[in-house]
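This report describes one protein model for a reader who is new to structural analysis. Please look at the sequence and the structure before reading on.

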Amino acid sequence: MITNVDVQSDHVAPQAEPCFRLIYRSRSLLSQGTEPVEAGLAEVLRVSRINNRKRGVTGALMFYEYKEWFAQVLEGPQAEVEDLFAVIKADARHKAVEVREAASAPDRLFNRWAMALIAEHGQPDAPLVAIDGGISEAEPWRASEDQEKVLAQLRDITRGYGRSY
């Protein structure tokens with residue numbers, strides 16, 4: 001899931017520090033919880049927006065419900081991204097966390113992004129926003145060419161094309 005949160009208060013101003021980008025994937029355990037998956041996703045989105053903003057970290061979270069994979073890109077100061085990732089790795093709502101990329105980046109690509117539902121077989125993805133008691137579909141986003149390259153990578157690692165997951 002990826003959501004374009006195009007709300008000024010969710011925007012994290014660019015930092016003077018170099019940008020560090022980390023991309024990972026993990027197996028979701030939300031379907032094994034006591035609450036509906038939608039409520040679990042809403043809580044992930046709500047808490048991450050608060051915590052990421054405090055750290056100056058931006059990014060995009062993708063959830064592929066069919067195969068129960070998360071994939072996420074985190075961007076910001078390296079120390080903050082790595083500290084946040086340590087918290088993410090310890091989160092009991094997922095397992096099998098794998099870093100796919102971790103490197104300096106010329107700029108942030110996802111200053112205003114949060115989460116979206118990844119659709120099957122070429123159908124459009126659905127951006128999501130947290131609402132009281134769950135999540136709701138948001139307005140479609142316009143991805144830049146550079147953003148689309150990263151989103152394509154997230155789609156690939158959640159869908160497992162060409163791999164035996």
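Is Phe70 buried or exposed? Phe70 is buried, with a relative accessible area of 6%. Here, buried means under 20% relative accessible area, exposed means over 50%, and partly exposed lies in between, with a 1.4 Å probe and protein chains only.

## Basis of the model

The model is predicted: local features need pLDDT of at least 70, side-chain atom pairs count only at pLDDT 80 or more, and totals for chains, interfaces and linings use all residues. Residues are numbered from 1 along each chain as its sequence is written, and side-chain values use heavy atoms, with hydrogens and water left out.

## Overall architecture

The protein has 3 helices and 7 strands. These elements are DSSP runs numbered from the N terminus, where helices are H or I runs of at least four residues and strands are E runs of at least two. Along the sequence, their order is β-α-β-β-α-β-β-β-β-α.

Of the 165 residues in the protein, 46% are buried. Among contacts with a separation of 6 or more, 79% involve residues 24 or more positions apart. A contact means heavy atoms within 4.5 Å.

Helix H1 covers residues 37-55. At 1.5 Å a residue, its 19 residues should span 27 Å, and its end C-alpha atoms are 27 Å apart, which agrees. The expected span is 1.5 Å times one less than the number of residues in the helix. The buried residues of H1 include Val37, Gly40, Leu41, Val44 and Leu45. Just after H1, Gly56 takes a positive phi of about 75°.

An α-helix has 3.6 residues a turn, so residues three or four places apart point the same way.

## Nonpolar cores

In soluble globular proteins, nonpolar side chains tend to be buried together. A nonpolar core is a set of buried Ala, Val, Leu, Ile, Met, Phe, Trp, Tyr and Cys residues joined through side-chain atoms within 4.5 Å. The largest such core in this model has 11 residues, including Ile23, Met62, Val73, Phe110 and Leu154. E2, E3 and H3 each give two or more residues to this core, and H3 supplies the largest share, 4 residues. Apart from this core lies another, of 9 residues, among them Val57, Leu84, Phe85 and Ile88.

## Aromatic pairs

The whole structure contains 2 aromatic pairs. Rings of Phe, Tyr and Trp (its six-membered ring) pair if their centres lie within 6.5 Å; planes under 30 degrees apart count as stacked, over 60 as edge-to-face, and the rest as tilted. The ring centres of Tyr24 and Phe85 are 5.2 Å apart and their planes meet at 55°, so this pair is tilted. The pair links distant parts of the chain, since Tyr24 lies in strand E1 and Phe85 in helix H2, 61 residues apart. Tyr24 is buried at 3%, and Phe85 is buried at 7%.

Phe63 and Phe70 also form a tilted pair, because their ring centres are 5.1 Å apart and their planes are at 40°. Phe63 has 2% relative accessibility and counts as buried.

## Salt bridges

Side chains of opposite charge can pair when their charged atoms come close. A salt bridge is a side-chain nitrogen of Lys or Arg within 4 Å of a carboxyl oxygen of Asp or Glu, and the model has 6 of them. In one of these, the closest N and O atoms of Glu80 and Arg55 are 3.5 Å apart. Glu80 lies in helix H2 (residues 78-89) and Arg55 in helix H1, so the pair ties together parts that are 25 residues apart in sequence. Glu80 is partly exposed at 28%, and Arg55 is partly exposed at 24%.

Arg155 and Glu148 form a salt bridge with closest N and O atoms 2.6 Å apart. Arg155 counts as buried at 15%, whereas Glu148 is partly exposed at 32%. Salt bridges that share partners join Arg25, Glu98 and Arg100 into one network. Within it, Arg100 and Glu98 meet at 3.2 Å, N to O.
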